[in-house]
Amino acid sequence: MLRMIISGLMLVCISQSVMATPWEKVKKPSQGDSSSIGSYANGCLAGGERLPLQGDGYQVIRSERGRYYGNSEMIVFLQQLMKQSRQLKIGNVLVGDIAMPRGGRFSSGHASHQTGLDADIWLRIPEQPLSPQALKTISALPMVDVKNYKIIDKNWSSKQAQLIQLAASDDRVARIFVHPVIKQQLCKAKWKDRNWLSKVRPWFGHYYHFHVRLNCPAGSTTCETQAPPPAGDGCGTELASWSPNYKAPVTSESVKAVKPKPKPVKVLPPMCAIVLKS
């Protein structure tokens, strides 16, 4: 029996090793200045900078993954955001995945986070820094009852809303992804300025954290930027269409069936091969 268990564990380890992408096997960033190469979901990171595992107003969780590297612009943004949140007494913010040491593709878990310009921030916000043991065992706190498509009132508070608003109001931020129900909750609140809400985009899966995406750094020639979000606060029909109970308006116009085009195979920018091998 023991031999069978050991053999099973060896097979799991071997399969995980085979499945890992080359980027997941690299443990150190390349040398040189930070440079995000390619697009958020098809690129890499040169000169990745490490976010200290603990700082003013934040802690990094699941650090054993080694996903706390980013473009220097992202590292500065996160440190400034967390310092502001501490000054506003929001709490101790938990930072999740940013990127691997040289960015690049994951075998699972993320399609983006490849250029060091994406970061996940948990919506569980402890009042005080966690002990090393607590950091290893703490679990995510869902803000949304996904099955019933509604906010979990006992978990959601003004501090989660304030933290998202603080991040989205920064000019460096291109988009913030949250579960549609969280976007609904933000839309219901009375804000003096609602312009930042346009950056908060509904996306399933983001029910316990929010995903911050920065614009390409000024002067960058290797980073592919994303088109700006649609005008307006995004709290109308577009948001309503995410609901499982949404009924699209009936139209009398005939709709022609369009054969879907095959998705093009993603080819990494040639510079990424240099980053990986350097």
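This is a predicted model: local features need pLDDT of at least 70, side-chain atom pairs count only at pLDDT 80 or more; totals for chains, interfaces and linings use all residues.
## A walk through the chain

At a relative accessibility of 33%, Arg62 counts as partly exposed, because the partly exposed class lies between the limits of under 20% for buried and over 50% for exposed. The backbone at Arg62 has a phi near 55 degrees, a positive value in a residue other than glycine.

Tyr149 also has a positive phi without being a glycine, here about 50 degrees. The loop that holds Tyr149 runs between strand S9 (144-145) and strand S10 (150-151). Is Tyr149 buried or exposed? Tyr149 is buried, because its relative accessible area is 13% and the buried class takes residues under 20%.

The chain contains 8 helices and 13 strands. Its radius of gyration is 20 Å, close to the 19 Å that the globule rule gives for 278 residues, so the chain is as compact as a globular protein of that length. The C-alpha trace spans about 60 × 55 × 55 Å along its principal axes. Of contacts between residues at least 6 apart in sequence, 76% join residues that are at least 24 apart.

The next topic is cover and surface. Of the 278 residues, 44% count as buried. The accessible surface of the chain comes to about 16000 Å², and carbon and sulfur atoms account for 56% of that surface. As to charge, the chain carries 36 positive and 19 negative side chains. The centres of these two sets lie 6 Å apart.

Why can S8 be called largely enclosed by the rest of the structure? The reason is that 5 of its 5 residues are buried. Asp118, Asp120 and Trp122 point one way from S8, whereas Ala119 and Ile121 point the other way, and all of these residues are buried.

Strand S13 (residues 209-214) is joined to S8 by 5 bridges, and the two strands run antiparallel.

S13 is itself mostly covered, with 6 of its 6 residues buried. One side of S13 carries His209, His211 and Arg213, the other Phe210, Val212 and Leu214, and both faces are covered.

H6 is mostly covered, since 7 of its 9 residues are buried. The buried residues of H6 are Pro180, Val181, Ile182, Lys183, Gln185, Leu186 and Cys187. Which elements do the buried residues of H6 pack against? They pack against strands S9, S10 and S11, strand S12 (200-202), helix H5 (158-168) and helix H7 (237-240).

How values were computed. Residues are numbered from 1 along each chain as its sequence is written. Side-chain values use heavy atoms; hydrogens and water are left out. Helices (H or I, at least four residues) and strands (E, at least two) are DSSP runs, numbered from the N terminus. The radius of gyration is taken over C-alpha atoms; the globule rule is 2.2 Å times the number of residues to the power 0.38. Buried means under 20% relative accessible area, exposed over 50%, partly exposed in between (1.4 Å probe, protein chains only). Contact means heavy atoms within 4.5 Å. Accessible areas come from the Shrake-Rupley method with a 1.4 Å probe; for residues, only the protein chains shown count as cover. Lys and Arg count as positive and Asp and Glu as negative; His and the chain ends are not counted. The place of a charge is taken as NZ of Lys, CZ of Arg, CG of Asp or CD of Glu. Two strands pair if DSSP finds at least two bridges between them.
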